[in-house]
Structure formats: structure tokens, C-alpha cells
Amino acid sequence: MKSECAAIDALLDERRRFAPPPGFVARARVADPAVYAEAEDWEAYWERWARRLHWFSPWSTALEWSPPDARWFQEGTLNACYNCIDRHLPEGAGRPALLWEGEPGDRRRFTYGELATEVERFAGVLKSVGVGRGDRVAIYLPMIPEAVFAMLACARIGAPHSVVFAGFSPDSLADRINDAGAEVLVTADGGYRRGKVIALKRNADRAAARCPGLRSVVVVRRGQGVGSDGVEMTVGRDHWYHELAQSVRDGCSAEPMGAEDLLYILYTSGTTGKPKGVVHTTGGYMTQVYATTRTVLDLRQDDVYWCTADVGWVTGHSYVVYGPLAAGAAVVIYEGAPDWPDRGRFWEICERYGVSVFYTAPTAIRAFMQWGDEWPAARELGSIRLLGTVGEPINPEAWIWYRRAIGGDRCPIVDTWWQTETGAMMISPLPGVTHARPGSACRPLPGIDVDLLNDGGESVKAGYLAITRPWPSMLRGIWGDRPRFLETYWSKWDGIYFAGDGAKVDDDGYLWLLGRVDDVLNVAGHRIGTMEVESALVEHEAVAEAAVVGVEHPVKGQGIAAFVTLMGGREGSDELAAELRGHVADSIGAIARPEVVLFAADLPKTRSGKIMRRLLGDIAAGRAIGDTTTLAEPAVVRGVRERYREAEGG
Ligand code: WTA
């Protein structure tokens, strides 16, 4: 007990020191304490930011709010791609835009001028396969420059993209293509991960077989080593990108889009089995993404910026592509794993490109911390001036380590809370302004208002995180499912957004995010619905019933523990557990693979037949062994933590 208190005291002492580091000067003039006061007239604040973008024609009203429907910058027209590229030309044509590195060490660089050429060509290719304004295009690509070209090309011609993380299974891809009604899919022959080749085209073919509406598949060829020799092209449906590109005449101007025209759909997990397509539009989204890139990430044209997220997630959309390119920065993109060929790969990249702003997830930070100080210490990281984190709550130990071992105690850390649905950062310190506290995302950003509410809608010190007024980059709906949109986010209180997170506020008004309050798990910063995993499990012929819970995991934040009951005659074994784990990975994607599968004779249920998840969670965490009479093998349960370790190894 005593030593624990001492540790907490030490932490509090540390906290006092987390004023903005003395040497740090925010580059954006907006990072000034007065900005909070200036933003009190929040509609005017967002209009000021909108004016910093390029518009083809001005808006008439800042906001029309008829809860839960917001229309920002009505009648204004703009183009997201134009704001990321054309706006920087011709002066910026020679400045670096993308600095790409592949896992095997291959490198490609593009200036803003070259980016313009590539994106216009890509747009021409999309047009040549019949993509027009409003048509949805599915993108299933690894982290290669073409992923960015494809997204921006869609934005340029007014075709909403639906990017699907390349780690998702063929079934997950097919569900997303069908739900969005995409007729065109962009993919590649393959990708790399930890020295292994991922046969993307083969996955795409399996998905396509389940997508009757899919007309064309455009395939980016990477060539040697990624299995392109084995790629089968279906005549009439499949086209090599480079072949189509040959007949594209240069030049494709940016379509003026209405501020409320669709920019993209991005699928994310919810509490039901089916992922939902979060809808984002153009004007408000670009405004808030740009504003937060400038104020929170403090990005300017002369920054070399690296956000390690994949473009398959919202962080990749807002803070790999749209925000940093709109700010005119140089964006580093790395395709592979952080521990390939060794655990120093990220720091080698930071050193090579002179990264100045680095944005990653707590899971990654905890892994780096475990791998030891020697890896970052071996590299020259003096170019880094600002650090960010996103995706899950960060524990104070990891925060302090990040600041010291990566930031040399001279860089502020921005712990940014937001969601696929919010489109852009909502709660975060402002670098150079906020006295940060490790583990707290601090305060809502200027122009944003949040509250902590109980079920009755009263303000409380610890409760549900609620967003109490509209914000520019808010989701405009769930694709094709208005009832779910209303039910999920807007049914708890009147006209107030329910985020699905719990939080508390301290006496100084700092917010401490506590994780999800619904059936959504956060595994290594990835959202996974328990129902999705359960549906995958019960599809297996051996499984009768399944219940999935999150269990604390030292690196991933949460891990997945699956309790299953088996069909009559089947018996649990290590082999079957391994098979079921593999089955979930095959049917959803490797990120959803349970750490442990536990066989039970029965699942504890309430009288009304609801599975008692909390009890299962306690059991999995080893807290409720006494109550496990309905479970066949409490001894197995007790070993859940050890099993984690085994599973990690295997
Ligand atoms: C969690 C990722 C604590 C939260 C941008 C949220 C966080 C979910 C933080 C959204 C943070 C994200 N501190 N929790 N700084 N950032 N979360 O949609 O539970 O993939 O609801 O968006 O991640 O995940 P999503």
C-alpha cells in the first residue's frame, strides 16, 4: 500500500511539471490561450476556420440545426482534393507531399506537383471505368501512395470513397461493398506485413464473388514479390491500373461540391452484429479537420509529419490524408510493421526523414515501452517537436515514458479524444497552451462543448460523455439506416449526442476518459463489436452459443476472451480453441482474433435469458471464480492471463 502511495505521489509531482515545455513554441499563431474566449461565439469561430479553406462559392448560413440533422455552410461549394493539392500550387509544387517507405526498404517520394499529376491520372482512370459524381468507390489497398491517390481522386470527381482496411477478410470486404452499393473496387496485387505477403487480390476475388453489384475491379500492380504472378484477372471486370492509366489524357479538374455533399463512408463497429457506414460530408468535415490539424498538431508547411495509422481507419482519413495535406505538410507513410526487421524501425524512419510531429496510439507506445529504451535511444530524434496519441485511454506510465524516451522531455503531448463519428478531434490539450496531465485528454477544443450526463440527462462528475451542440465534422448519418442513426446516438437525451464513452471530470475541469460503456471493445485501438465476434463464432459448426468480453491486456488495452458452449457431442480441446480463434480471424480479420477461447458447459444468464457479460468479464479477469458454478472449467478460467501470454507467443 505504502509503495503504491509513493508511486502516486511521484506521479502527481510529475504532473506539476507538465506545463508546456519551456523550449516549445507553437508555430500556429492560433495556439494561444485567448482562443478559448474567441471561440465562445462558436459558429463564428468555425466560420473563421472555414474561410481559411478554398471555396468555389461562399456559404449563406454557418449552420442550420434541426436536431439531429446539422447542415453546415449551406450553399457553399468546395472540393476536398482541391484544398489538399491545387491550393498549394504552383508555389508549393516542389515541396514534399508524400514520403513513402515500404517494409522491405523501398522508397518513393512525391512533391505536391507530382501528387497533383498522380491524383489527376487516378481520377481519369476512375472516370474511364464509369465512376461519376455520387458513385461509391470501395478502396481495399495497403499503405501505399496509391491509397492516398485513390482517396483524393474520388474526392476530386465527387465520388464518395469507402476505404476498407486491408487487414479485413473477404467477407468483411463484401459486406461493406454491398452495403455501400459500390460498383467499383480499387485494390492491389498484394501487400507486406512482417515479411509476409498478403494476397489482397485473392481476397478481393473472394469478396467480389459475393457482390452482384460490383462491375469493375481496378488493380494496382506492385510487381515482384507480392504474388502478382499468381493474380487472376477476370475478363471484363478486372483491369490493371497501369494499363488503364496509359489511355488517360492528363488533366482532371476538381468538381465543385456542395458543402453537404458526401465525401466518404467509413464502416465502424457498433453494438449490433453489422458494422455501420458512418457518413461524412465535405465542408464541415474539411473545416474541423483542417482547424484541428493546425491547432492541435500545430502543422505547417515546413513540418515532416508522421501519423502511424492506416488509411483504413478514421485517423488515416483525417490525419494522414485530409488534414496534413490541407496544411501543406510533408506526410510520411510506412507500409509495414513497427518491429520489422527489428524493434527500432519506427525510430530509424523518424531519424531518416527528420520527423517533427509524430502521432500514434497508446497500444504502440506500450509496446515500445516494453521493448525498451535502447531502441529509440539509438537514433537521433531531436527533430521531433510534438507528440500525439489517439484511439484509447493512455495510462500515465505510458504517457510519461513517451514524453521522456521519444520526446526527450521537450515535446508537448496531445492526447486527442475523438471517434469515427466525430470525424475530427474533439477533446485535446492545445500544445503550447495547456498544462497537460498524463492520462487526461484535458478539455474540449475551442468551438466544442461536451458534458458528462447520467441517464436522466443531469450533469454529473462521472457519467456518459455527451456532446451538447453540433460540430462541423459530425457524422451526418448511418448509410442507409436512419433508424439506427437515431437510436444509437440521439435517443438517450433530446438533441444531445451520446458518444458511447464513460468519463469523469476533476475539480479543475480536466476530462478523464474511461472507455466504452457499450458492447464495443477497443483492442489495440481498434473498435470491435462483441456481437460481430459472437456471430462469427456461432457460424462455426462446433459452436452452440458464444459470449465475448474484453479483458485487460497489458499492451493492447483490451484483449478478447470468448466463452463458448459446444454442440452436443463436441468436446473442447486446445486444438478446437485454436481453430475457433483462426475461424474468427478468417471471417472478420486478424484484429478480431480472440486471445483466449474458453469452453463452458453453459453461459450464465439472467432470468430473461440475457447473457451476464459483466460476470463473464469478472471471470475472465479472475475476479469472480466463486460464482462460476455454471461454467465447466473454472480452472481454465483462472489461467486466462497466462493463456494470454501463450496466445501472444502463438
Ligand atoms: C476511444 C478513433 C480515450 C473511445 C479516432 C472512442 C479514446 C473510440 C481516445 C473511437 C482517447 C479514442 N482517450 N479513449 N484519446 N481516442 N478513444 O471510432 O472509446 O476508431 O469512442 O476513432 O476510441 O474509436 P474510433
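## A glycine to start from

Gly 230 sits in the loop that runs between β11 (216–220) and β12 (238–240); helices (H or I, at least four residues) and strands (E, at least two) are DSSP runs, numbered from the N terminus. Gly 230 is exposed, with a relative accessible area of 60%. On this scale, buried means under 20% relative accessible area, exposed over 50%, and partly exposed in between, with a 1.4 Å probe and protein chains only. Arg 202 is 28 residues away from Gly 230 in sequence, and their C-alpha atoms are 8.9 Å apart in space.

## How to read the model

This is a predicted model, where local features need pLDDT of at least 70 and side-chain atom pairs count only at pLDDT 80 or more, while totals for chains, interfaces and linings use all residues. Residues are numbered from 1 along each chain as its sequence is written, and side-chain values use heavy atoms, with hydrogens and water left out.

The predictor's confidence in each residue, pLDDT, runs from 0 to 100. Its mean over the protein is 91, and 91% of the residues reach 70 or more. Over residues 626–650 the pLDDT is below 50, and this stretch has 38 contacts in the model beyond near neighbours in sequence; a contact means heavy atoms within 4.5 Å. Where pLDDT is low, the predicted coordinates should not be read in detail.

## Overall build

The protein holds 21 helices and 30 strands. Its radius of gyration is 24 Å, close to the 26 Å that the globule rule gives for 650 residues, so the protein is as compact as a globular protein of that length. That radius is taken over C-alpha atoms, and the rule is 2.2 Å times the number of residues to the power 0.38. Along the principal axes, the C-alpha trace spans about 70 × 65 × 55 Å.

Of the 650 residues, 60% are buried. Among contacts with a separation of 6 or more, 71% come from residues 24 or more positions apart.

## Charges

There are 71 positive and 86 negative side chains, and the centres of the two sets lie 2 Å apart. Lys and Arg count as positive and Asp and Glu as negative, leaving out His and the chain ends; each charge is placed at NZ of Lys, CZ of Arg, CG of Asp or CD of Glu.

## Backbone details worth a look

Two cis peptide bonds involve prolines. The bond from Pro 67 to Pro 68 has omega near 0°, and Pro 68 belongs to the loop between β1 (61–66) and β2 (69–74). Trp 340 and Pro 341 are also joined by a cis bond, with omega about -5°; Pro 341 is in the loop between β17 (330–334) and α12 (345–353).

Arg 194 has phi near 50° in the loop between β9 (191–193) and β10 (196–198), and is partly exposed at 38% relative accessible area. Cys 442, with phi near 70°, lies in the loop between β20 (413–416) and β21 (450–453) and is buried, at 0%.

In α3 (residues 42–51), the buried residues include Trp 42, Trp 46 and Trp 49. The buried residues of this helix pack against α2 (34–38), β1, β2 and α10 (283–295).

In α17 (residues 530–538), Thr 530, Val 533 and Leu 537 are among the buried residues. Their cover includes β28 (543–553), β29 (557–566) and α18 (574–587).
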